[in-house]
Amino acid sequence: MTAVADTRVSAPERTGSRDLAGTGTLLRLALRRDRIMIPVWALAIGMTGSSTLSRMKTTYETATDRANVAADMNGNGAMRSMLGIAFGDSYGALTAWRVGTFLAAFAGIMSLLIVIRHTREEEESGRQEALSAGMVGRRAGLTSALLTVAIANAAIALLVVATLAGEGSGGALALGLSIGLTGLVFGGLAAIAAQITENARLARGLAAAAVGVAYLLRMAGDAAKDASEGSSHVLVWLSPIGWAENTRPFAQERWWTLLLLAVLAAASFAVAYVLTGRRDVGASFFASRPGPAAAGNSLQGAYGLAWRLQRGTLLGWVVGVALSAAMLGGVANGAGDIVGDSEKNREIIERMGGAQNIDDAFLAAMISLIGVIVTVHTATAVLRLRAEETDQRAEPLLANAVSRLRWAMSHLVIAYLGPVVILAAGGLGAGIVYAAAADDLGGELPRVLGASLAQIPAVWVITSVVVLLFGLLPSYTTSLGWAVVGVVVAIGWLGPALDAPQAVLNLSPFGHLPKLPGESVSAAPFVWLLLGSAVLTAAGLWGLRRRDMTN
């Protein structure tokens, strides 16, 4: 009798090496797909510290200047909320204060985009199921995504350390690790969101909400208590971004706070691994409820379907921006108290919002930042087209009496009109609160609302750039689209504060707008931006009509 070898494997082997089979191949694929997005994000985040340091050295030339600005900023709750706590007055400490929490948040956003793209998006498109039918382990996709995000955050940390080591190797290492580990934390939370939701859009929304809540907790805690001489507010300790801040780079570093970030990142990775082993590929723990047997009248056409797909995201943005703008409107009424007698503080506000009345300058700066952030929404709305295409949900529509242009316009209507609604809500929120504090509702509300709506042409230019990419370079739409948004956000958020050259500011369409309210207005910049937006959109739609539909 011929002996037959026992080919069964033990449980540890099945859940170990077999679950990770193909990880290296998927990792190389992920790095290739993100070969543009990751370097752009890493360079933008990693090199911001060095540019900030250079600006600090030219702005605050003496130890007295540095001590004064640290004391002034720490003494005002509004500025602590916006920028965080300055734990020291060295150049390195001021650099960490100025950009540390921003960069930690940006690292989190980068990480969640990477993880969702290589996990839930792959399952939603059906590619992960096809891979799983071959010699690819069930946890290989998640492992490769987490390794990709680890490589991206390691690159950021190395760049921060390399560019700031001259101010103190310990402080540079603490800042780099705090930013990189914060990115890993939100990458892990995004991995969990990818397991419990059934589509990439919802997973991205949950992960982005986690970043937003963490940043708001840090803001609220720092506004309530100055921790420069003692312990932070309890709200700060509820936020991973607050933990990164409390690492205190270049100011007697607290290395143990890095352990908190590392433990949370490891725990989130572990939870994601457990969850992915308890569900089928493509399934989720919280699936959508089945809809009615027959579609309503609103779903009878392409426009109704697009509205149904995008309305939840738009509503969330409207509410979030309105509440945030209302808070900023309340702060703006006391902008003079924020600035105080410090000429340096006044220069910072004026570079961001113009040389007009200080309250107007502060409002203009905050409204401009809101406009920049809204580009994230409009890019998401356009990228929904690409998701519908690659997930093969567009084909059934286009196989019927729906043209490509009609299908595209059904989503682009929301991409272009959504920011109008969001910015109007932000203008009303800031305007009502600011006007009520100034006791001049009829005079101040229209000015603030108009300043908010004036951001629309610049937002539309970014919308049109993503449309152009979708039409002409569909395979690179997601990576290049988010890279463009990341550059615009970085320029808008950090450029004026760092006194970047006008040539750099002009790379963003927002750099061509007047700083409102307060500055004089001419029609030329608005007309040119609207014309540019129209040309880019037309070129993108032309490309869409001529190219093949891909998956």
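1. Phe102 is buried, at 6% relative accessible area, where buried means under 20%, exposed over 50% and partly exposed in between (1.4 Å probe, protein chains only). Please keep in mind that this is a predicted model, in which local features need pLDDT of at least 70 and side-chain atom pairs count only at pLDDT 80 or more, while totals for chains, interfaces and linings use all residues. Residues are numbered from 1 along each chain as its sequence is written, and side-chain values use heavy atoms, leaving out hydrogens and water.

2. Four aromatic pairs turn up in a search of the whole structure; rings of Phe, Tyr and Trp (its six-membered ring) pair if their centres lie within 6.5 Å, with planes under 30 degrees apart counted as stacked, over 60 as edge-to-face and the rest as tilted. One of them joins Phe102 and Tyr215: the planes meet at 15° with centres 6.2 Å apart, so this pair is stacked. Phe102 belongs to helix α7 (residues 91-118) and Tyr215 to helix α12 (residues 200-224), so the contact ties together parts 113 residues apart in sequence. Helices here are DSSP runs (H or I, at least four residues), numbered from the N terminus.

3. Tyr215 is buried too, at 11% relative accessibility. Do look at Arg218 as well, which lies over the face of Tyr215, 4.9 Å from the ring centre; the criterion is CZ of Arg or NZ of Lys within 6 Å of the ring centre and within 35 degrees of the ring normal.

Note on methods. Helix = DSSP H or I, 4+ residues; strand = E, 2+ residues; numbered from the N terminus.
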